[in-house]
Structures are given as C-alpha cells and as structure tokens.
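Let's take a friendly walk through a protein structure, one part at a time. Have a look at the picture before reading on.

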Amino acid sequence: MIADTGTKMIHIGKNTRSRIVSKGISGGKSQNSYRGLVQVHKTAENAYNFSQCDSLLLGDKCGAHTFPYLEIKNKSAQVEHEATTSKIGEDLLFYCNQRGLTNEEAVDMIVNGYCKEVFKQLPMEFAVEAQKLLSISLEGSVG
Amino acid sequence: MLEIKNLHAKIGDKEILKGLSLKVNAGEVHAIMGPNGTGKSTLASIIAGKEDYVITAGEILFEGKNLLELSPDERAREGVFLAFQYPVEIPGVSTTNFMKAAVNAKRKHHGLEPIVAKEFLALMNEKRQLVDLDKSYLSRSINEGFSGGEKKRNEIFQMAMLDPKLAILDETDSGLDIDALRIVADGVNKLKNKHNAFLVITHYQRLLNYIVPDYVHIMYDGRIVKTGDKSLALKMEERGYDWIKEEIGV
C-alpha cells in the first residue's frame, strides 16, 4: 500500500501557536509519506509552530517519508520540525518474547505505546475504537 | 531441571559453543565465569531462544522437554527467564502494562484466568520493594531514561513478578556500583528457593560474594573446562584466566 497523507496549518492572526503530531505506521511492503504544509501569512506576527513527525516501521520491506513544506511570509515566525523513524527490531521483539509474549502480542503492545500520545487526546469512546481498529489492521503484519 | 548435552552452536560460519555440557538441578545456583568471547552470553541467548544461532549438535532439556523445539515465548511461559545484559527501551509502554501482559500470558499458558487488578497491584508493590524500585518507575515507559543500575533492578523486578523456574542472569553485575550490586543480589537471594534455579554469568568474583553459588564453572573456548565450588571463583580472581589455560594445556 502507498499512503500519501498530510496536514495543513495556516497562521493568519497575531501570536498564534500550533502543534502538529503525526504518527505513521508502515507494515508489509507499504510506503507512507507525510507532507506537512505550514503557512505563516504576512499578518501573523509572532506565529509559532512545532511539527513532530514519527514513523514506525514493521519489518524491513516498508518505508516512510517526510516532506515538510514551509511557506513563511513573516520574519518573526518561529517554525520547528522534528522527525523520527523507528523500527520494531529483532532485539525488541526478542525482549518481549522472553517475557512470554508472542510476536503478535508484542507488536500490538509496542504499536499502542507508540500511538499513546495521540490516543490519549481522543475522547474515550473514540480512543477505544481506534485501538481496536489498530489491532485488526495489524493482524498478520509481522511474519 | 536443565540439562545441556554436548551443545555445539555457531553464528554464521563461526563456531562458538564446542561441546558444552551442563546440568542444573532445582534449588541450585550455578555461576559461569570465563574470559571475554568464550561464549557465555551466547549460551544464555541460546537457552532463551534467540534465533541468530544455529545448533549443529547436542540438546537442551528443560524439565524433560526438548527446549530447542519451543519458541522463545513458549520457553518464557514454561518458566525460563533471562535478565538481559542490555535491556531494551519500549517507548509509551509502562512497566505496569508490560508486566500485566507478561503475567497474564504466563497465566493463560497454565490455564489460569487473567489476574485481578487489585491482586496485580499488590503483587507489584511487594516485588518492587524487593529491589528498592520507586513506585514512579512503574508508570514510566519501560527502561526509557533509566540509568544502567535502574535497568538492571527493573530486570530483577520483572524476574520477581514472573517467578521463573530457571533464571539466567547475563552479566547483571556489569555497570553496577556496589550499592546497586547489593540490592540486586539481595533480590536474587530472597527469590531463591528449593523449586527454582539460577544461572549467573559474570566476569567478576565480586557478585559471588553476595550471591553464593553452589557450583562455579569456568568456560573457555566454547566449553566448560573446569567446575568447582565457590573457592574456584576466588582462585580465578587471584590467578587470572591464564592459570586455567595452563591447566587445560592450551
């Protein structure tokens, strides 16, 4: 699967602040791209944006790509971007296995931990749904 | 409990274990010492089931079962525990959640219902005090930002939670200051009983002052070349490994 997703953040007013957290998970042979547009208009004095883009890879045949787009028209703006890529490696899986967890249980737990920062912002009912959906879509994704 | 017979193992083309035999009974503490690169950690990894190694000959029996046929997670649920030399970090997963999953995986394997929350919390509280681990660590992401000593204490805490039959400590003493060493050793001593066994891998005699072994094995070039009681460890410390090399004639 190829997913090309992204966000737009447009600063128009003075002293506006924004924060973007993007978490992508790629399994199997999928490729995930994140494009994040941050626009700061001329009128947006002292705008501040922080973008964080994390990617998690399951296995070694998938990939993740991050493309930040910054359009800054006001010199007082402060725009920060941070990106990380991590992989559920063999050492991590072995550690979980050694505590009695199967590969599937381990991946489920690691992925949920990875998404926690986003999930905990969601309303309860939705967070429960999201978690279930994640478990289903991960079934059989690690060989 | 554990019986290793003439074990040969290699990684890639390199033969690391060259006919290792070892027998561990319930209620015993065995220490394995030896110079770097003689295969001590390899042995620990193979018992736990790490897949990087190819077993070319020999067998490992655990309570009469062929251990090499079981997956690493099955071995763990059967009661094999490895305290890692370098424990990994799992971002976003608290020690509490991790332990809950592990404890329940083991219970399920033995046909038990998942543990009741109240009981689990009481168990955690009891066991964390064993290694003097502050309550706040349990809600933090596992091993993330922990110091070396805290990671090792966390390993012993997990061992206490899972109550294994066979516990392997892979250089648990490396990187520990004397206080942390004593805490870890105390934890092990309190967990020791006549139904379980410990395999302690170490470079230094120091740890064995606190965890007193019934047997000390010296490993050299992929084999156990000498076995004795705790006085052997003292002799090693005094004379170094060259003495063993002379004794076995290499």
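## About the model

This is a predicted model, in which local features need pLDDT of at least 70, side-chain atom pairs count only at pLDDT 80 or more, and totals for chains, interfaces and linings use all residues. Residues are numbered from 1 along each chain as its sequence is written, chains are lettered from A and ligands numbered from 1 in the order in which they are written, and side-chain values use heavy atoms, with hydrogens and water left out.

## Where the chains meet

Chain A brings 17 residues to the contact and chain B brings 29 residues, where contact means heavy atoms within 4.5 Å. About 1,900 Å² is buried between the two chains, and carbon and sulfur atoms give 66% of that. Buried area is the accessible area (1.4 Å probe) that two parts lose on being put together, summed over both. On the side of chain A, the residues that lose the most area to chain B are A:Phe94, A:Tyr95 and A:Arg99, together 39% of what that side buries.

Two salt bridges cross this interface; the term stands for a side-chain nitrogen of Lys or Arg within 4 Å of a carboxyl oxygen of Asp or Glu. A salt bridge also joins the side chains of A:Asp91 and B:Lys50 (3.2 Å, N to O). In chain A, α1 (90-98) and α2 (103-119) are the elements that give two or more residues to the side touching chain B, and α1(A) gives the most, with eight residues. Helices (H or I, at least four residues) and strands (E, at least two) are DSSP runs, numbered from the N terminus.

## The six-stranded sheet of chain B

Chain B has an open sheet of six strands in the order β6-β9-β10-β3-β11-β12, with mixed pairing. Two strands pair if DSSP finds at least two bridges between them. At the edges are β6 (80-83) and β12 (223-228) of chain B, each pairing on one side only.

Inside this sheet, β3 (residues 29-33) and β10 (residues 197-201) of chain B pair in the parallel sense over four bridges. B:Val29 has B:Phe198 in β10(B) as its bridge partner.

## The four-stranded sheet of chain B

Another open sheet of chain B has four strands in the order β2-β1-β4-β5, and its pairing is antiparallel. Both β2 (14-24) and β5 (65-66) of chain B are edge strands with a single partner strand, so one side of each is left without a neighbour in the sheet.

Eight bridges join β1(B) to β2(B), and B:Leu7 stands opposite B:Leu20 in β2(B). Seven bridges join β1(B) to β4(B), where B:Leu2 has B:Phe62 as its bridge partner. Two bridges link β4 (residues 54-62) of chain B to β5(B), with B:Leu61 opposite B:Asn66.

## A link within chain A

Over all chains, a search of the whole structure finds 15 salt bridges. One links the side chains of A:Asp54 and A:Lys23 (3.2 Å, N to O). A:Asp54 lies in β4 (residues 48-57) of chain A and A:Lys23 in β2 (residues 17-26) of chain A, so the pair ties together parts that are 31 residues apart in sequence.
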